[in-house]
Amino acid sequence: MEITPLPTTNYEGQVITPPPARKGRILRHARHTFLNVYRRLFSIVFLANITGLASLLSRNHRWLASPPLEHFATAAAANILIALLIRQDYIINFLFKVTWLIPLSAPLMLRCMLAKVYEYGGVHSGAAMSSVIWFSLLTGFLTNEYATGHVSPDPAAITIFSYALLILLFALCLTALPHFRFASHNTFENVHRWAGWSSLGIFWVVIILFARTQITPQSPSIGRNAIKMPAFWFLMIASLHCIPPWLRLHKVQVRAEKLSDHAIRLHFKEKVPLFVGLRLSHSPLREWHSFACIPSRDGGKSGGSVLISDAGDWTKDTIMNPRPYYWVKGIPVTGVLCMAQIFRRIVIVTTGSGIGPCLGVMQDIPQTSCRVIWSTPSPELIYGNEICDAVKDVDSSALVWDTRERGRPDLVRLAWEMYIESEAEAIFVISNPKLTRKVVYGMESRGISAFGPIWDS
C-alpha cells in the first residue's frame, strides 16, 4: 500500500505538506499491519503456551515413555476457558470501562495505547489456537498409549471421543480464518455456535473417561478423580459462562421507520446504556447481527434505535419486510468508537449507515470535541432530515459528502485536512473493512493515532 504526500493548507491558506510516511514500505507495513495490536496479543498468548510446553517437557525427561497427559488436558481446558471468557459481554464491558477511567490529562501516548483495547480478540484467537495444540498432543499420546495397551478401561472410547473433539476444534479454527469468515459469515457463525457447544460436551466425556483411567485401589471413585483434575474446574467455569447470554434471550418490540429502500431505523422502548450495541436476530439459533444503538436523548432511559442499511440478505430483508419484534441476546456491549471519550478532540470519518454508531457515541461525550466527515450517497434522501440534523447538531461544520453529486472522496486526504484544522488528538473510522483499513493505515503510517473496527468475529 503506497503512501503519497497529501498537500493541504493551514489557517492562513498557505500550502503545507504532511510528514512523509514513516520508515520504509516493508517496515511500515509490518508495523501497522502484520504486527498490529491484535497480532501482538495473539503472539504473546501463543508464545506463553509454547514456553509452558517447553518448561513442562524439560521437567519430565521421560515424557515420551510417560507423557504428562493430565497436564495436556489442563492446558487445553485452560486455554478454552480464556478464549471463551474474553468474548463474554460483561468482561468486554469491564475492559472498556476500566480504560475510560484514564483522565484527559494523561499523556496522549498512554491514552492511545489504552484505546486499542478493542483488539482484545487477539487473546481469544491465541488461546483458541493454543488449545488445539495442547489437545493435539493429548490425542496423539493417548493414541500411542492405546496402541501399546497402556490405557484402560475403555481405551477405544476415550480415543474416539478425543479425535471427535480434535476435529471440532480444527473446524472452529479453520472457519475462523479471515477469508472464510468474510466469504461465508453465516457458516462461520453456525459452526462456532454448534461446534463450540458440541466441543464442550465432548470434552466433558473425555474428562470423565480420563478420570476412569486413573482409578486405583486407593482412589476408586470416578467423581473424586475428576474433581482432582484442574481441567475439570476449568471446563466447569467455561460451561457455566456459556449459559448467561441465553438466559437474557428475549423479544424486543420495535417500531420500524423506513427511511428509504436502502435504510431503515428500528426504534425500541427498552432502556439501554450509552455507548453500546445490540445483537438482533429473528432466528436465534441461526444468525445474529450487531448494530450500534442511538440512545434516546434522555440517556437511553426511554429506549433508542438502530440504523440499518442494505449490506446483505438479512439487512435487505429487514428493510423491505421489518418485523414487529426481534430477538436480543446477552447484554448490550461496547465497541471501538466509545474510546473517543478519552480524547479531547477527535475526527470521525464514516460512510453510509456508519453514521448510526457514530451518532450513538458523539452525541453523549460533551467533554470531547467531535469533527465529522460523512461520505454517503444522497444523505437526506436515504437517511432523512432527522439523522442529517443530528449530525449538524454535533458538528455544525461537518463535512457531509454526497457521493452521488461529487463522486467518491479521498477520505485519507480529507481526514488529514480536518485533523490538522481541528488540532485533533485522534481519528476514528467507521466504514467497510477495506476503507477502514485504508484510512487507519494512511493515518498511522504518518504517526497519527487512528482507530477502527477490525472485524475479528
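**Close-up 1. The left-handed crossing of helices α3 and α6.** In this predicted model, helix α3 spans residues 69-85 and helix α6 spans residues 121-147. Two packed helices are described by the angle between their axes and the distance between the axes. Here the axes come within 8 Å and cross at roughly 155°. Angles over 145 degrees count as roughly antiparallel, and α3 and α6 are therefore roughly antiparallel to each other.

**Close-up 2. The residues where α3 meets α6.** Sorted by class, the contact of α3 with α6 holds 17 nonpolar residues, along with four polar residues and one charged residue.

**Close-up 3. Strands β10 and β11 side by side.** Now let us turn to a pair of strands. Strand β10 covers residues 369-376, strand β11 covers residues 399-402, and the two pair in the parallel sense over four bridges. For a handy landmark, find W374, which stands opposite V400 in β11. The chain gets from β10 to β11 by way of helix α15, residues 379-394. Follow that path and you trace a right-handed β-α-β crossover.

**Close-up 4. Placing the views in the whole chain.** To put these details in context, the chain counts 18 helices and 13 strands. Its C-alpha atoms fill a box of roughly 85 × 55 × 40 Å along the principal axes. Of its 457 residues, 50% count as buried.

Definitions and conventions
Residues are numbered from 1 along each chain as its sequence is written. This is a predicted model: local features need pLDDT of at least 70, side-chain atom pairs count only at pLDDT 80 or more; totals for chains, interfaces and linings use all residues. Side-chain values use heavy atoms; hydrogens and water are left out. Two strands pair if DSSP finds at least two bridges between them. A crossover is right-handed if, with the strands pointing away from the viewer, the path from the first strand over the helix to the second runs clockwise. Axes are lines fitted to C-alpha atoms, for helices over the stretch in contact, and angles run from 0 to 180 degrees between N-to-C directions. Angles under 35 degrees count as roughly parallel, over 145 as roughly antiparallel, 65 to 115 as roughly perpendicular and the rest as oblique. A crossing is left-handed if the near helix is turned anticlockwise from the far one by less than a right angle, and right-handed if clockwise. Ala, Val, Leu, Ile, Met, Phe, Trp, Tyr, Cys and Pro count as nonpolar, Asp, Glu, Lys and Arg as charged, and the others, Gly among them, as polar. Buried means under 20% relative accessible area, exposed over 50%, partly exposed in between (1.4 Å probe, protein chains only).
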